[in-house]
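Thanks for coming. I will take one structure and go through it piece by piece.

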Amino acid sequence: MKPYLALIRNDVRLAYRQKTVIFFNYLMPLMFFFLFAQVNHAERGGVISQVVTMVLVIGILGNGLFGAGLRAVQDRENNILRRYKVAPISPLPLLVASTVTGLLVYIPLLAIILTLAHFQYGMVFPVNPIALVAFVLLGVVAIRSIGLIISSVVNSVAESNILIQVVYMSMLFLSGTTFPLTMFPGWLKIVSQFIPATHVVSGLQNILMEGESLAANWQSVAALAMTTVIGLLLCVKLFRWEKEEKMRPTAKLWILAVLVPFAVVGAWQAHAQDNVRKSKLVDRQISRTRTYLIRNARIFIGDGRVIENGGVLVKNGKIAEVYDGNIPDEKSVNADPIEAAGKTILPGLIDSHIHLASPAGFLEDWSKYDAGKSMARALAAYLYCGVTAVKSVGDPLEGALSIRALVNSGEKLGTEFFTVGPLFTTAGGHGTEIMRSLPENIRASVNAQFLRLPQTAADAQSRR
Amino acid sequence: MTDNLAISVQDLHKSYGDFEAVRGLDFEVRTGEVFGLLGPNGAGKTTTVEILEGIRQRTSGDVRVLGFDPDKQKTLLKDRIGVCLQATNLPDKIKVIEALELFGSLYSRMLSPDMLLKRLQLEDKRNAFYSTLSGGQKQRLAIAMGMINDPSLLFLDEPTTGLDPQVRLEIHALIEEMRSEKRTIVMTTHYIEEAERLCDRVAIVDSGKVVAIGTPRELQDRSKGKSAIEIVCDASLTDRALPEFPEALSSTLSDDGRKLTVQSSRPARTLVEIVKWVDAQGIGLEDVHLSRPTLEDVFIELTGKRLRD
């Protein structure tokens with residue numbers, strides 16, 4: 001124990017005496033924090049959570065790849081490690097000390113960023129602070145072990161510079177840390193799933209913005225944990241005290257071993273598209289939470305009043321304020337302005353009697369009718385026309401419930417959707433006559449979902 | 001293993017693939033002596049020392065260091081020995097006292113860092129950063145680090161290479177001090193006079209084998225190159241008939257006849273006769289020079305190579 005503590009104390013002391021550590025671990029992430037917050041007008045809505053995610057991951061990458069990777073190579077190349085070789089010590093305490101030091105150096109950054117985000121930009125305190133901190137620290141040790149593996153297989157400071165920069169840049173730009181994943185073309189989205197940093201970003205987003213638990217992100221957690229373990233074990237095995245002991249070029253392939261958990265997760269994600277879907281949702285969430293000021297419009301309130309020249313302030317997806325003249329400056333309310341001169345604002349229309357699966361019009365070939373597609377399209381069309389809520393009073397139940405989940409979660413764009421249960425009537429009662437006009441191929445399934453024809457009082461009272 | 005042997009090496013072999021670096025090395029180091037290893041680069045001395053320190057695995061042979069087998073009892077051995085490597089380096093921003101405390105904590109037994117700093121005259125550099133130390137101070141720190149665990153056996157690899165003469169003398173004094181504390185010291189060096197002055201016994205190593213072993217004086221005496229007496233006269237001796245000087249093996253006269261070089265197995269005796277003769281000729285002596293064979297001469301004779309390229 002004494003060597004571990006002594007090594008950790010030494011490492012932490014030396015870390016804080018080095019300008020590069022202060023820069024990569026604190027100054028650079030803070031610079032990016034303020035830059036991203038400004039560029040994205042973080043004071044205007046939920047995007048601050050995304051900024052926090054990005055900056056924390058930038059910090060993790062700097063800490064692990066430069067803090068661990070580059071430093072370990074320098075120590076070996078400068079003959080510093082050599083002195084340890086003749087002491088009764090194995091590589092393990094050195095590697096463990098490096099990892100613990102990384103965590104200790106990172107924690108202040110985490111505290112500073114979360115504090116700034118909350119007090120300066122109004123970020124809501126995270127729902128799951130323990131899950132958040134645990135996941136972030138897991139990210140730190142995982143990326144650090146990748147940095148250490150790189151340092152184990154390179155033969156010179158020059159080589160390590162190249163390799164670490166390549167890894168750092170690709171993780172920085174392809175993982176959603178700087179450019180959101182939703183911006184990428186499909187093939188690049190798939191490639192990004194194989195990169196460890198992507199899973200740190202997505203896990204962090206899910207926990208921070210969606211309040212998810214660690215268990216909900218078990219794939220990312222498992223992959224990061226495995227990479228850490230594999231990385232440390234390999235580092236012990238490949239450890240070199242002196243620069244004279246050179247690694248064969250093929251030894252660099254060991255880096256791939258550390259990335260195996262992410263090859264697995266990546267392949268799974270490429271198939272399931274889970275992360276991509278979630279990041280789209282997150283993106284949509286962010287834009288919905290922005291603050292907007294629609295101004296200079298004519299406004300029908302809905303209670304009979306008409307405002308000839310007014311404004312509406314929308315915050316976090318809800319109407320916060322309606323202005324009759326006296327429209328404030330957008331900066332004073334931290335909002336994005338939307339010019340609506342010459343336009344009219346109405347409350348959203350509500351259609352309380354629809355049959356979503358009924359195709360509008362006539363089809364030449366009924367066998368080509370796809371209820372699922374048609375229902376989704378109809379909901380989008382309603383929204384486009386200004387109908388913000390609809391209620392279905394008779395639709396295939398399964399289809400209705402699944403489309404409702406998609407639209408109300410935000411995954412598909414459409415009007416808010418309410419639905420009733422199956423039609424409750426007697427044989428031959430109103431509604432059953434419609435079945436006769438349905439095409440053969442769907443009549444049976446629609447009957448089963450759509451109609452409820454109880455034969456006895458007890459049947460009627462039971463819940464199906 | 002006998003009590004008074006710190007190190008015992010028998011028929012040591014080490015191969016790197018096809019290349020045999022050490023081909024049957026035998027020697028012993030007695031407790032409390034300063035033992036020197038002399039030899040050119042590539043002789044296998046570094047490999048041998050690394051094997052003794054427990055950081056390289058031998059191919060075959062019997063090795064005992066402080067009673068331990070360096071391959072099988074590495075950690076126990078490393079705990080008891082002190083090592084001062086050539087070209088030790090420490091992080092720029094570590095303080096002198098921090099370095100001592102750090103490395104001391106790796107051992108089961110630790111001397112007081114402050115006491116060591118005092119002994120090595122580094123007290124006023126206690127809180128200085130490593131990068132601000134001079135070459136001599138860095139070397140003294142390296143020696144302090146080698147002593148932090150109070151070792152009974154110390155390995156010094158080229159302890160004064162690259163240091164200026166004044167510092168070299170200080171370190172020599174230090175080594176002699178350590179010897180008087182009954183510590184066993186094994187040192188490798190390129191400097192002949194250092195080996196001749198400090199070592200109780202010296203082993204000359206070439207191409208993976210010990211070619212000669214003994215006290216510096218013993219080795220010098222083995223040299224076929226005998227002592228050379230050189231005199232410079234104020235007049236030429238060219239036309240004089242030179243007598244056979246006693247114990248003299250050869251006589252050479254320089255071109256201008258004024259410098260006479262005589263090789264002898266008993267230089268003192270020969271010198272007296274030469275001076276008497278020159279005096280009897282009525283010629284004045286301007287200069288007299290006597291040189292003994294050095295270990296380097298021994299080395300060259302035994303191996304045909306120079307110690308330093």
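Predicted model: local features only at pLDDT ≥ 70, side-chain atom pairs only at ≥ 80, totals over all residues.

Chain B has 309 residues, and 39% of them count as buried.

Staying with chain B as a whole, its secondary structure amounts to 10 helices and 13 strands. Along the principal axes, the C-alpha atoms of chain B fill a box of roughly 75 × 45 × 35 Å. What share of the contacts in chain B with a separation of 6 or more comes from residues 24 or more positions apart? That share is 68%.

Next, one sheet in chain B. This is an open sheet of 3 strands, in the order β2-β1-β4, and the pairing is antiparallel. Which strands stand at the edges? They are β2, residues 19-30, and β4, residues 60-65, of chain B. Each has a single partner strand, so one side of each is left without a neighbour in the sheet. On average, neighbouring strands of this sheet are turned by 15° against each other, if direction is ignored.

A helix also packs on this sheet: α1 of chain B, residues 45-53, which touches β1, β2 and β4 of chain B. The direction of α1 makes about 120° with that of β1(B).

Looking at one pairing in detail, strand β1 of chain B, residues 5-16, is joined to β4(B) by 5 bridges, and the two run antiparallel. What stands opposite His13(B)? The residue there is Ser60(B), in β4(B).

Now the contact between the chains. Chain B gives 20 residues to it and chain A gives 17. On the chain B side, α2 (74-80) and α3 (96-104) each supply at least two residues. Sorted by class, that side of chain B has 11 nonpolar, 4 polar and 5 charged residues.

Last, a helix pair in chain A. Helix α6, residues 129-153, packs against helix α11, residues 254-272, at an angle of about 165°, and their axes are 9 Å apart. Anything over 145 degrees counts as roughly antiparallel, so that is what α6(A) is to α11(A). The crossing of these two helices is right-handed.

Which residues meet there? From α6(A) they are Ser145(A), Ile146(A), Ile149(A), Ile150(A) and Val153(A). From α11(A) they are Trp254(A), Ile255(A) and Val258(A). By class, the contact between α6(A) and α11(A) has 7 nonpolar residues, 1 polar residue and no charged ones.

That is the end of my part.

Key: Residues numbered from 1 in each chain as written. Chains lettered and ligands numbered in written order. Axes fitted to C-alpha atoms, helices over the stretch in contact; angles between N-to-C directions. Helix = DSSP H or I, 4+ residues; strand = E, 2+ residues; numbered from the N terminus. Parallel < 35°, antiparallel > 145°, perpendicular 65-115°, else oblique. Left-handed = near helix turned anticlockwise from the far one by under 90°. Contact = placed C-beta atoms within 7 Å. Nonpolar A, V, L, I, M, F, W, Y, C, P; charged D, E, K, R; others polar. Buried ≥ 20, exposed ≤ 12 C-beta atoms within 10 Å, placed from the backbone. Pairing = 2+ DSSP bridges.
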